[in-house]
Amino acid sequence: MSPETCALTASPAAIEHERAYLLRYARLQLRNPAQAEDAVQETLLAAIEGAARFSGKSSLRTWLTGILKHKIIDHLRRAAREQPLTGADDDRSEAEAIDALFAEDGHWREFPAQWGNPDAALENSRFWATIEMCTQRLPERTARVFMMREIMEMPTEEICKELNITATNCWVMLHRARLALRECLERSGLERPTPRM
Amino acid sequence: MIPNCKHTTELMSQGQDRALTLTERMRLNIHLLLCTRCRTFTQQLSFMRTALRRYRDGA
């Protein structure tokens, strides 16, 4: 049974078919394999129980992702209650890491490299390992905000509300995450002498 | 006033998270016109966004 034919009915087989996708999604956000597994398990269960509510208006994947997002938020809340992240990540060292990228007059110390066409890099399996490694290196709080934005695609206002932080704080963290990820990708040899588009 | 690279990267990053004001966009564009490094950074920003979403979607 292909997922396409199941997509309108949300059969258990069709739901199960999306497990790998859901797991990758959850792992990127939660960064904890056991928690990710739990969130996905809860999602699959809720989906199978509530299969009748699947209208078929959106794709099955979209519907399941919607459920998973709620489960992930639940996990984040629970984690915040049980083991609050004390304060910020090492705020000073993160700020210093950014300062180190720029000269005193605010110019780049090193020129950003040409990464070429994403399509070419994305076909390279080594690139996926690199991007996974670089996202895992982000400090915990920074990563949480960044993944809410980039993986869950939440608007900044929602992230602020959920984490009880200001918009400015949110933008600063997102910016730091991007600079750190960029730096890591560049250091890991994304820079290649490919011709420009 | 034309912002420097450090400030420009902040604006570019925020441009991925909120609508920039007209003044901000003008300052940003003037800087980008003059600065290849920040133009490269813009490409890197959209590269990262594309890459992360494709990684998530397993494409």
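The side chains of A:Arg149 and B:Asp17 are joined by a polar contact of 2.7 Å, a polar contact being a pair of N or O atoms within 3.5 Å in which, within protein, one atom must be able to donate a hydrogen and the other to accept it, and in which residues adjacent in sequence count only if both atoms are side-chain atoms. The model is predicted, so that local features need pLDDT of at least 70 and side-chain atom pairs count only at pLDDT 80 or more, while totals for chains, interfaces and linings use all residues. Residues are numbered from 1 along each chain as its sequence is written, chains are lettered from A and ligands numbered from 1 in the order in which they are written, and side-chain values use heavy atoms, with hydrogens and water left out.

A:Arg149 is placed in helix α9 of chain A; helices (H or I, at least four residues) and strands (E, at least two) are DSSP runs numbered from the N terminus. A:Arg149 has a relative accessible area of 11% and is therefore buried, where buried means under 20% relative accessible area, exposed over 50%, and partly exposed in between, with a 1.4 Å probe and protein chains only. Residues up to four places away in sequence aside, A:Arg149 touches A:Met154, A:Pro155, A:Thr156, A:Ile159, A:Leu174 and A:Arg178 in chain A, and B:Gln16, B:Asp17, B:Arg49 and B:Arg53 in chain B; contact means heavy atoms within 4.5 Å. A:Ala34 lies 115 residues from A:Arg149 along the chain, and the two C-alpha atoms are separated by 22 Å.

Chain A contains 11 helices and zero strands. Of its 197 residues, 44% count as buried. When contacts in chain A between residues at least 6 apart in sequence are considered, 72% join residues at least 24 apart. The accessible surface of chain A is about 10700 Å², and carbon and sulfur atoms account for 52% of this area; accessible areas come from the Shrake-Rupley method with a 1.4 Å probe, and for residues only the protein chains shown count as cover.

Over all chains, the structure holds one disulfide, defined as a pair of cysteine sulfur atoms within 2.5 Å. This disulfide joins A:Cys134 to A:Cys184, with an S to S distance of 2.1 Å. The pair links distant parts of the chain, 50 residues apart: A:Cys134 belongs to helix α8 (residues 125–136) and A:Cys184 to helix α11 (residues 167–190), both of chain A. The link of A:Cys134 and A:Cys184 is left-handed, with -80° about the S-S bond, and both cysteines are buried.

In chain B, the sulfur of B:Cys35 has its closest cysteine sulfur in B:Cys38, at 3.8 Å, which is too far for a bond. B:Cys35 is buried, with a relative accessible area of 7%. B:Cys38 also counts as buried, at 0% relative accessibility.

Most residues other than glycine have a negative phi. A:Arg31, which is not a glycine, has a positive phi near 55°. A:Arg31 is found in the loop between α3 (19–30) and α4 (33–49) of chain A and is partly exposed, because its relative accessible area is 26%. A positive phi of about 55° also occurs at A:Glu153, again not a glycine. The loop between α9 (140–150) and α10 (156–163) of chain A holds A:Glu153, and the relative accessible area of A:Glu153 is 37%, so this residue is partly exposed.

B:Thr40 is part of helix α3 (residues 36–57) of chain B. Its relative accessibility of 7% is the reason why B:Thr40 counts as buried. With residues up to four places away in sequence not counted, B:Thr40 touches A:Pro112, A:Ala113 and A:Gln114. B:Thr40 and B:Arg53 are 13 residues apart in sequence, and their C-alpha atoms are 20 Å apart in space.

B:Ile30, B:Leu33 and B:Leu34 make a nonpolar surface patch of about 340 Å². Patches are made of residues with over 30% relative accessible area and no salt bridge, like charges being joined within 9 Å and nonpolar side chains (Val, Leu, Ile, Met, Phe, Trp, Tyr) within 5 Å; a salt bridge is a side-chain nitrogen of Lys or Arg within 4 Å of a carboxyl oxygen of Asp or Glu. B:Leu34 lies in helix α2 (residues 22–34) of chain B and counts as exposed, at 63% relative accessibility.
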